[in-house]
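Welcome! Take a moment to look over the chain below, and then we will walk through its parts together.

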Amino acid sequence: MTPPLKLDRIDVKILAELQKNGRITNVELADLVALSPSPCLMRVKKLQQAGYITGYSAQINVAKLGETLTVFTEFTLKNHRPPDFARFQEALEKIDSCIECHLVSGGYDYLAKFVTSGIVDYQNIIESLIDRDVGVDKYFSFVVIKTPFVKTQIPLTRLFAERS
């Protein structure tokens with residue numbers, strides 16, 4: 001495993017710019033972060049090797065492909081031992097329609113986000129999860145009616161502005 005890098009403000013700016021546009025050329029990126037191309041490319045490679053950049057992907061306009069249903073689901077587990085959490089997480093991770101899973105504090109244990117082809121598809125997924133007995137005590141579903149906006153970029157330069 002590569003030891004963690006000490007990031008400076010230029011590294012954070014590189015990450016912020018790549019987050020906005022993963023297809024940017026190295027020359028364009030170097031210009032945006034005020035470096036020459038060669039040192040910029042070296043920094044990007046170091047950020048990749050150190051695991052700060054985990055991959056590149058396209059953002060898809062799913063609405064153009066057809067109708068979908070997005071559901072946020074709160075899960076409470078029957079038991080709260082480490083193997084119970086692990087078993088539940090492994091089960092959710094195998095469900096391709098579950099695109100996010102968060103262990104949270106508060107009145108329930110997990111918040112998951114599902115994108116399915118419709119309510120019947122979602123209910124089949126939940127019933128299958130319950131049938132597999134992965135430790136679910138109760139769940140609550142919140143169907144998304146409308147999504148006014150989704151931000152795909154984290155404000156890195158604001159969050160990590162203290163880096164010199």
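## A first look

Over residues 7-68, the chain is 58% helix and 0% strand, with its end C-alpha atoms 40 Å apart. Please keep in mind that this is a predicted model. UniProt, in an unreviewed entry, places the feature "domain: HTH asnC-type" at residues 7-68.

- Start with helix α1 (residues 9-20) and helix α3 (residues 37-49), which pack at an angle of about 80° with their axes 11 Å apart.
- Angles of 65 to 115 degrees count as roughly perpendicular, and α1 and α3 are therefore roughly perpendicular to each other.
- On the α1 side, the contact is made by Ile-10, Asp-11, Ile-14, Leu-15 and Leu-18.
- On the α3 side, Cys-40, Arg-43, Val-44 and Leu-47 take part.
- Sorted by class, the contact of α1 with α3 has 7 nonpolar residues, 2 charged residues and no polar ones.

**The sheet**

- In what order do the 4 strands of the open sheet lie? The order is β2-β3-β1-β4, and the pairing is antiparallel.
- At the edges you will find β2 (98-103) and β4 (136-143), each of which pairs on one side only.
- Ignoring direction, neighbouring strands of this sheet are turned by 20° against each other on average.

**How the strands pair up**

- Strand β1 (residues 69-77) pairs with β4 in the antiparallel sense over 7 bridges; Val-71 has Val-143 in β4 as its bridge partner.
- β1 also pairs with β3 in the antiparallel sense, over 7 bridges, and here Thr-73 stands opposite Ala-112 in β3.
- β2 and β3 run antiparallel and are joined by 5 bridges, with Leu-103 opposite Tyr-110 in β3.
- A hairpin is formed by β2 and β3, with 6 residues between them. In its turn, look for Gly-106, which has a positive phi of about 115°.
- As you trace the strands, remember a handy rule: in a regular strand, the side chains alternate between the two faces of the sheet.

**A helix across the sheet**

- Helix α6 (residues 119-131) lies across β1, β3 (110-116) and β4.
- Relative to β4, helix α6 runs at about 170°.
- Why is β3 described as largely enclosed by the rest of the structure? Of its 7 residues, 5 are buried, so β3 is largely enclosed. Buried here means under 20% relative accessible area.

Notes. Residues are numbered from 1 along each chain as its sequence is written. This is a predicted model: local features need pLDDT of at least 70, side-chain atom pairs count only at pLDDT 80 or more; totals for chains, interfaces and linings use all residues. Side-chain values use heavy atoms; hydrogens and water are left out. Axes are lines fitted to C-alpha atoms, for helices over the stretch in contact, and angles run from 0 to 180 degrees between N-to-C directions. Helices (H or I, at least four residues) and strands (E, at least two) are DSSP runs, numbered from the N terminus. Angles under 35 degrees count as roughly parallel, over 145 as roughly antiparallel, 65 to 115 as roughly perpendicular and the rest as oblique. Contact means heavy atoms within 4.5 Å. Ala, Val, Leu, Ile, Met, Phe, Trp, Tyr, Cys and Pro count as nonpolar, Asp, Glu, Lys and Arg as charged, and the others, Gly among them, as polar. UniProt positions are given in the numbering used here, feature names are shortened, and annotations may be inferred rather than shown by experiment. Two strands pair if DSSP finds at least two bridges between them. Buried means under 20% relative accessible area, exposed over 50%, partly exposed in between (1.4 Å probe, protein chains only).
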